[in-house]
Amino acid sequence: MSSVVRLRLLPSAQCLYTQPVRVLVDGLRPSQVVTMKARATDDKGVPFHASAVYRADAGGAVDLGREPSLGGSYTGVEPMGLLWSLRADALHTKFRKSDSRQPHVVRFSVHDGEAGAGPLLAEATNERRLLADGVERQPIKEGNIRGVLFVPPGDGPFPAVLDLYTFGGGLSERRAALLANCGLMVLTLALYGHDDQPKKVTKLHLDYFEEAIQLLGKHPKAMDSGVGIISISKSGDLALSIATHLPNVKATAWINGCCSNVAIPLYYRGSQIHSALMYDSKHNTVTKSGALNIKHGLHDPLAPENEGSLIPIERATGHFLFVAAEDDLNWDSCLFADQMTERLRRQGKDNFEKVVYPGAGHYLEPPFGPYCPSSFHGVVGAPVAWGGEPKAHAKAEMHLWNKIQEFFRTHLFPEAGAAKARL
């Protein structure tokens with residue numbers, strides 16, 4: 001009698017989005033070749049899928065943390081490869097997971113043979129939650145502020161962080177919710193295109209972020225040691241401006257941003273404080289997929305004519321974490337990180353650290369989400385390539401997630417309590 005094939009997810013089929021799972025199959029024939037598949041649907045209903053070919057060991061088992069994939073969406077030993085290699089059928093499609101109330105549901109299956117068309121042998125569902133038990137999700141519509149506040153369980157006080165996942169319109173809750181699971185009180189802000197906000201903007205106002213910081217500071221569970229900021233891409237320069245021009249910003253995580261204010265002029269109290277550094281399409285090239293490579297499209301931020309866009313970060317009193325991906329094709333984030341660290345050094349500053357990830361692309365996000373090679377770019381008005389090699393990018397995201405927590409733990413907790421703090 002043939003044994004029953006089992007597909008198990010350990011330690012549990014339900015977990016948090018950033019937690020790894022061990023994928024095990026047993027009950028196979030010794031050396032049997034099977035295809036492992038994963039499929040999921042994002043918030044917009046777009047299906048994503050991945051597959052990998054494995055050979056069972058002498059005991060008829062496959063352990064994705066031990067056996068190498070022989071082909072499919074990836075090769076080699078990649079315990080979470082079926083998650084980060086998920087792809088949509090359509091080109092230039094980014095995985096959208098913004099609503100923290102809905103888990104990321106991934107359906108795993110095992111099929112006989114390497115073509116993936118063989119009989120279904122076993123299946124299991126992994127429910128990856130964005131919100132840990134007890135984390136409060138509070139929609140914010142107060143004054144001008146539109147967003148969602150996430151508060152960890154307990155009496156606090158908690159370090160307060162602004163999540164600036166703002167450019168592109170709408171509201172993204174994923175990163176903010178996951179950081180709240182780690183013990184931070186996080187407000188993710190919508191800048192435009194959400195609720196009663198305008199669909200497009202031609203000016204940005206620092207006053208909006210000042211109001212958000214004040215709102216966080218008044219919260220009864222907020223720690224009074226200052227606020228942190230986390231940003232990526234265009235919101236990176238917004239984070240720099242906030243840290244430079246506003247008080248009480250103690251820790252700023254800048255991920256693949258620019259050293260100048262980009263694309264849209266920035267105002268404060270009715271006056272323009274930074275002009276916009278613009279793109280020049282003549283430097284764009286086209287990749288094999290049809291997406292644009294715009295890495296060298298930005299004007300030189302250090303050119304005299306662009307002086308008004310350059311952010312004087314040496315005036316900031318808080319600490320910076322500069323994160324740059326070597327294969328960022330949106331722009332040269334490594335160059336911008338180098339320019340900023342050199343600027344700070346010349347001013348005698350040591351309030352920064354820099355992390356560079358070889359082989360990673362532009363969109364460094366919380367780990368175990370689908371890698372995105374290209375998608376539509378709001379400023380360019382066309383699909384662009386984000387860069388990165390999928391394996392290296394996934395590895396960078398895992399490392400960075402811990403690095404971000406360490407950075408905020410170090411600089412947002414009062415010194416006396418830092419040793420006791422646990423994120």
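Analyst: Start with burial. Buried means under 20% relative accessible area, exposed over 50%, and partly exposed in between, with a 1.4 Å probe and protein chains only. N256 has a relative accessible area of 0%, so N256 is buried. This is a predicted model: local features need pLDDT of at least 70, side-chain atom pairs count only at pLDDT 80 or more, and totals for chains, interfaces and linings use all residues. Residues are numbered from 1 along each chain as its sequence is written, and side-chain values use heavy atoms, with hydrogens and water left out.

User: Where does N256 lie, and what is it in contact with?

Analyst: Helices (H or I, at least four residues) and strands (E, at least two) are DSSP runs, numbered from the N terminus. N256 lies in the loop between β17 (249–255) and β18 (266–268). Contact means heavy atoms within 4.5 Å. Setting aside neighbours within four places in sequence, N256 is in contact with residues including S233, D328, W331 and H362.

User: Is H104 buried or exposed?

Analyst: H104 is buried, at a relative accessible area of 1%. H104 is found in strand β9 (residues 104–112). Leaving out residues up to four places away in sequence, H104 touches Y17, K97, E127 and R128, among others.

User: What about T410: which class does its accessibility give?

Analyst: T410 counts as partly exposed because its relative accessibility is 47%. T410 is found in helix α6 (residues 390–412). T410 and H319 are 91 residues apart in sequence, yet 10.0 Å apart in space, C-alpha to C-alpha.

User: How do I read a pair of packed helices?

Analyst: Two packed helices are described by the angle between their axes and the distance between the axes. Axes are lines fitted to C-alpha atoms, for helices over the stretch in contact; angles run from 0 to 180 degrees between N-to-C directions. Here α3 (residues 206–218) and α4 (residues 234–245) pack at about 70°, with axes 10 Å apart. Angles under 35 degrees count as roughly parallel, over 145 as roughly antiparallel, 65 to 115 as roughly perpendicular and the rest as oblique. Therefore α3 and α4 are roughly perpendicular to each other.

User: Which residues meet there?

Analyst: From α3, L206, F209 and I213 meet L238, S241, I242 and H245 of α4. By class, this contact of α3 with α4 has 5 nonpolar, 2 polar and no charged residues. Ala, Val, Leu, Ile, Met, Phe, Trp, Tyr, Cys and Pro count as nonpolar, Asp, Glu, Lys and Arg as charged, and the others, Gly among them, as polar.
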